[in-house]
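Here's a quick briefing to read alongside the structure. Keep the viewer open and find each piece as you go.

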Amino acid sequence: MTRLALGRLAPLLLCLALPVAASATDYRVLQDQSTLGFAATFQGAPFQGSFAQWHAAIRFDPAHLADARFDVSVDTTSADTGDADRDGALPGADFFNATKYPQAHYVTSDFTRLDDARVIAHGTLTLRDETHPLDLTVTFTPQPGGTALMDVAGTLKRLDYGVGGGEYADTSVIGNDVTVNAHLVLAPK
Amino acid sequence: MLRNDELRWGAVAKFFHWTIALLILGNGVFGLLLDLASSPMQKINWMALHKSIGLTVLALFVLRLLWRLGNRPPREWPAPRWQQWAARAVHGVLYLLVAALPLSGWWFNSVRGYPLQYFKLFNLPGIAAKNPELRRLAHEVHEYLFWFLLLVLVAHVGAALKHHVVDDDDVLRRMWPFARLRHGSKGDSA
């Protein structure tokens, strides 16, 4: 009888134990102190852009990577690169096609440790109607008082996602490599 | 042959004169027609070409100036004093315009905040800070300098043709590529 009871209890015990065993922290992003942006090149000159509207759900603990998860949505109409012509073109059909695809979405699948300071987030980015793997390098810096800083960077090929297709596919004018970057200030929920 | 002599311009001076003439006129007309581009990307590519040709003119101008400093021009053609002064004035203004056209384009490009890439090979920095308020002014200065160049060219070309056709002298011939001087003996005896 004891064995039977234990057998029945085991899943229940496991459920109780799980949150304790792998407890990554759920953070909220302090939006006014955080940035999400990208860097690309036009005619051999780099330019930076940032998104005004985005939302990131961050669960992270460098000691419990198995439980970590990023889920980020970006409003593709909200890009600002400091040039009115370019900002006017970016949401258009040739680039983000924001009318049809108003959101870009990044979600992680798993994480691996790179070194003492850095972790690689493995995930997929959906932009327009394309979904491709995208790895991000994550530097996590706990701050006094339970908050944390998180710096994230990765490189994608814009043409994988059809951003700037057709005439704009000429990578000698608009570089194919785009660096995405984020600086997040996190507070535990 | 390469250098100027007393009577005629040398091959190097001729090369600078005619290459710069063709490039600056062709690029000026090209610049006026940039709005005919059929798509934004074509305009971007045309603009890049226009800028690269303009920078070539500027580089040739600097080389031409250096060459001239080390190589005296032929003797001034005998003419009434006012004509010699007029010729010097027109030549001086043309030199200024050959430099001012590309420089004003560079200035316009800089205040506009555009990159400046030379034939997709390398980039050059801006020569002024980005300033949207100067955008229109810089564009007009750049364009009106070209109209002014055409005006001064009327005098320059008109005077050259007057010498060639009416006076039937060597003023045009001594700058014309591969031309023989018609009155060679006149200079030889001098």
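In this predicted model, α2(B) passes α3(B) in a left-handed crossing.

- Two packed helices are described by the angle between their axes and the distance between the axes.
- Here the partners are helix α2, residues 40-69 of chain B, and helix α3, residues 81-112 of chain B; they pack at an angle of about 135°, and their axes are 9 Å apart.
- Because of that angle, α2(B) counts as oblique to α3(B).
- On the α2(B) side, the contact is made by Lys51(B), Gly54(B), Leu55(B), Val57(B), Leu58(B) and Phe61(B).
- From α3(B) come Val98(B), Ala99(B), Pro102(B), Leu103(B), Gly105(B) and Asn109(B).
- Sort the residues of this helix contact by type and you get 8 nonpolar, 3 polar and 1 charged.

**Chain B as a whole**

- Chain B has 5 helices and 2 strands.
- Starting at the N terminus, its elements go α-α-α-β-β-α-α.
- The C-alpha trace of chain B spans about 60 × 30 × 30 Å along its principal axes.
- How much of chain B is buried? Of its 190 residues, 17% are.
- Now take the contacts in chain B with a separation of 6 or more: 63% of them are between residues 24 or more positions apart.

**Where the chains touch**

- Chain A puts 9 residues into the contact, and chain B puts in 9 residues too.
- On the chain A side that touches chain B, the residues split into 4 nonpolar, 3 polar and 2 charged.

**Strands in chain A**

- Strand β2 (residues 35-42) of chain A pairs with strand β11 (residues 177-188) of chain A in the antiparallel sense, over 5 bridges.
- β2(A) is also joined by 6 bridges to strand β3 (residues 45-51) of chain A, and these two run antiparallel.
- Which residue of β11(A) stands opposite Ala39(A)? That's Thr179(A).
- In β3(A), the residue opposite Ala39(A) is Gln48(A).
- β2(A) and β3(A) make a hairpin with 2 residues between them.
- Look in the turn of that hairpin for Gln43(A), which has a positive phi of about 50°.

Key. Residues are numbered from 1 along each chain as its sequence is written. Chains are lettered from A and ligands numbered from 1 in the order in which they are written. This is a predicted model: local features need pLDDT of at least 70, side-chain atom pairs count only at pLDDT 80 or more; totals for chains, interfaces and linings use all residues. Axes are lines fitted to C-alpha atoms, for helices over the stretch in contact, and angles run from 0 to 180 degrees between N-to-C directions. Helices (H or I, at least four residues) and strands (E, at least two) are DSSP runs, numbered from the N terminus. Angles under 35 degrees count as roughly parallel, over 145 as roughly antiparallel, 65 to 115 as roughly perpendicular and the rest as oblique. A crossing is left-handed if the near helix is turned anticlockwise from the far one by less than a right angle, and right-handed if clockwise. Two residues are in contact if their C-beta atoms, placed from the backbone, lie within 7 Å. Ala, Val, Leu, Ile, Met, Phe, Trp, Tyr, Cys and Pro count as nonpolar, Asp, Glu, Lys and Arg as charged, and the others, Gly among them, as polar. Two strands pair if DSSP finds at least two bridges between them. A residue is buried if 20 or more other C-beta atoms lie within 10 Å of its own, exposed if 12 or fewer, and partly exposed in between; C-beta atoms are placed from the backbone.
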